[in-house]
Amino acid sequence: MTPAVEFNAVSRHFGTVKAVDGVDLTIAEGAFFAMLGPSGSGKTTCLRLISGFEKPTAGGIRIFGQDVGAVPPNRRNVNTVFQDYALFPHMTVRDNVAYGLMVKGVDRRSRLEKAEELLALVKLPGYGERKPGQLSGGQRQRVALARALINEPRVLLLDEPLGALDLKLREAMQDELKALQKRLGITFVFVTHDQHEALSMADSLAVFNDGRIAQIGTPEDVYSRPQTRFVADFVGSSNVLPPELTAALGGPSKWASLRPEAVRLVPMGHDGTVKTVRYLGAGSRVVLEIGGTEIAAMVPAGQPIPETGAQAAIAFDPRALHVMAE
Amino acid sequence: MHSEQAGPGVKIAAGLGLAFLHLPILLIFLYAFTTEEKSYQFPPPGLTLQWFGVAWHRADIWPPLWLSVQVAAIATAVAIILGMLIAGAMAQTRFFGRDQISLLILLPIALPGVITGMALRSAFAMMDIPFSVWTIILGHATFCIVIVYNNAVARMRRLSGGIMEASADLGANGFQTFRHVLLPNLGSALLAGGMLAFALSFDEVIVTTFTAGQQSTLPIWMLNELVRPRQRPVTNVVAIVVFAVTFLPILAAYYLTRDGDATAGAGK
């Protein structure tokens with residue numbers, strides 16, 4: 001099967017800034033793909049390379065097998081949900097949604113009918129007459145989504161789609177986007193800096209750091225088997241153990257990662273000092289200092305919580321210790 | 001210590017200042033109705049409407065009026081097109097020397113008209129361009145562009161840059177984006193800029209003096225007319241017309257741009 005998007009050693013340099021640097025990437029058709037990374041890591045530039053608003057300074061990009069090097073954004077069968085939604089302020093919601101069909105020359109009646117269909121799909125039926133300025137953030141986002149879907153793109157790009165929404169709305173939209181993607185069966189590529197969002201929505205993801213891909217795989221892969229210290233730290237704030245500590249805890253003398261939820265506090269064992277205790281509802285996050293390294297442990301609710309400054313020790317299943325290449 | 005209420009002395013001074021600025025304009029209106037035609041005598045010995053009729057039938061008024069309208073309209077059209085293009089370049093791209101170029105664009109309005117006029121006159125002479133309606137239009141366009149540019153660039157900066165990309169993303173070509181997205185959002189700013197430019201061009205004297213050949217525009221006709229003590233109130237009638245033609249567009253421009261934020265900034 002032809003992949004939806006293929007990057008072959010793609011770089012995008014702005015002068016001396018290497019925004020994207022030698023990225024190889026394959027996104028399967030029908031995937032819900034996340035590009036995860038801190039700001040400035042190159043994920044948004046990668047998205048803009050797919051939509052065509054950036055041109056690679058080196059390497060080649062294929063969309064469904066077609067080399068898009070010379071294809072401008074308006075001729076790519078790819079649509080974008082922009083971060084600030086970028087709705088046209090002077091048009092009604094219906095005209096916004098129908099815009100893609102209008103510029104194609106579809107007659108007014110059919111395009112407005114189709115726009116109504118899409119407004120129903122994003123659960124905004126009857127909002128067609130309003131102006132974007134009269135909508136809430138969540139509603140604007142749905143309009144942006146409907147507008148991007150009207151041309152029936154084979155790849156939908158979403159740039160921090162949930163970034164501007166409040167927590168509750170964000171969680172509801174995560175489920176909805178996921179359901180929508182399943183129903184439409186088209187490839188979704190979304191950019192986010194929120195690891196929870198990436199882990200919960202994507203079926204595969206790429207972690208970006210400094211213009212390069214640090215790791216690519218399923219959420220399970222990336223979360224449980226981080227390949228680098230950066231990934232371990234950025235995706236779900238894992239404990240990163242230096243080689244000496246790994247060895248002291250019974251592992252090989254290599255960098256390793258250890259999930260806080262795999263760490264138990266026990267009466268006896270390797271000694272450390274409790275530095276902070278944070279109550280999180282479902283449990284408490286206890287940070288110990290052991291041999292100069294901070295180790296976080298998730299203590300489930302109901303178990304005894306040590307005082308700050310107290311001595312405590314840790315234990316864990318040796319299989320939970322994940323040894324990393326670097 | 002800022003007090004909300006100004007003292008009575010300040011209020012009176014402000015009132016006198018405003019009166020000094022605006023009473024002469026009222027006097028011009030008043031003298032359009034006077035019965036005495038040789039000197040501006042105050043108070044006027046009597047009031048009459050006859051000068052409006054006289055002005056209407058004076059054949060020497062119409063060519064300068066028509067010329068002024070023509071010059072202002074064409075200079076404004078040139079300014080709208082060029083001003084919009086410059087604004088687009090300045091608002092959307094960053095390049096070396098951008099701030100310096102922005103200053104150069106604003107210069108014609110900051111420079112005294114005499115300088116602009118002299119510079120244009122010697123430039124036209126050097127290039128062997130005969131002085132005509134077109135040289136007047138070019139002269140006026142130099143400062144009209146600034147007005148349009150200022151309005152357009154302010155609006156473009158407020159527009160969410162994403163809407164142009166969104167348009168391209170949805171399949172629109174450059175012209176469609178301009179027609180359906182940029183122009184509707186820029187429209188009122190361009191109209192306002194255009195009206196101000198029209199008003200500015202319509203009563204311009206200095207640059208016109210330097211760039212005109214034998215033609216005289218309405219303001220220049222008025223200047224010549226004031227020297228001659230014949231049917232003086234006719235000049236005042238024309239002054240009222242000039243006032244209306246220039247003041248109304250400025251008023252309209254003010255109202256058009258005042259609510260601009262609501263239409264342009266709603267994307268966020």
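Colleague: What makes the crossing of helix 6 of chain B with helix 8 of chain B right-handed?

Modeller: Helix 6 of chain B passes helix 8 of chain B in a right-handed crossing, a term used when the near helix is turned clockwise from the far one by less than a right angle, anticlockwise being left-handed. The model is predicted, so local features need pLDDT of at least 70, side-chain atom pairs count only at pLDDT 80 or more, and totals for chains, interfaces and linings use all residues. Residues are numbered from 1 along each chain as its sequence is written, with chains lettered from A and ligands numbered from 1 in the order in which they are written.

Colleague: Why are helix 6 of chain B and helix 8 of chain B called roughly antiparallel?

Modeller: Their axes cross at roughly 155 degrees, and angles over 145 count as roughly antiparallel (under 35 roughly parallel, 65 to 115 roughly perpendicular, the rest oblique). Helix 6 of chain B and helix 8 of chain B are therefore roughly antiparallel.

Colleague: What is the make-up of this contact by class?

Modeller: The contact of helix 6 of chain B with helix 8 of chain B has 13 nonpolar, 6 polar and 1 charged residues. Ala, Val, Leu, Ile, Met, Phe, Trp, Tyr, Cys and Pro count as nonpolar, Asp, Glu, Lys and Arg as charged, and the others, Gly among them, as polar.

Colleague: What makes helix 3 of chain B oblique to helix 6 of chain B?

Modeller: The axes of helix 3 (residues 62-92) of chain B and helix 6 of chain B come within 5 Å and cross at roughly 40 degrees. That angle makes helix 3 of chain B oblique to helix 6 of chain B. Their contact divides into 25 nonpolar, 5 polar and 1 charged residues.

Technical notes: Axes are lines fitted to C-alpha atoms, for helices over the stretch in contact, and angles run from 0 to 180 degrees between N-to-C directions. Helices (H or I, at least four residues) and strands (E, at least two) are DSSP runs, numbered from the N terminus.
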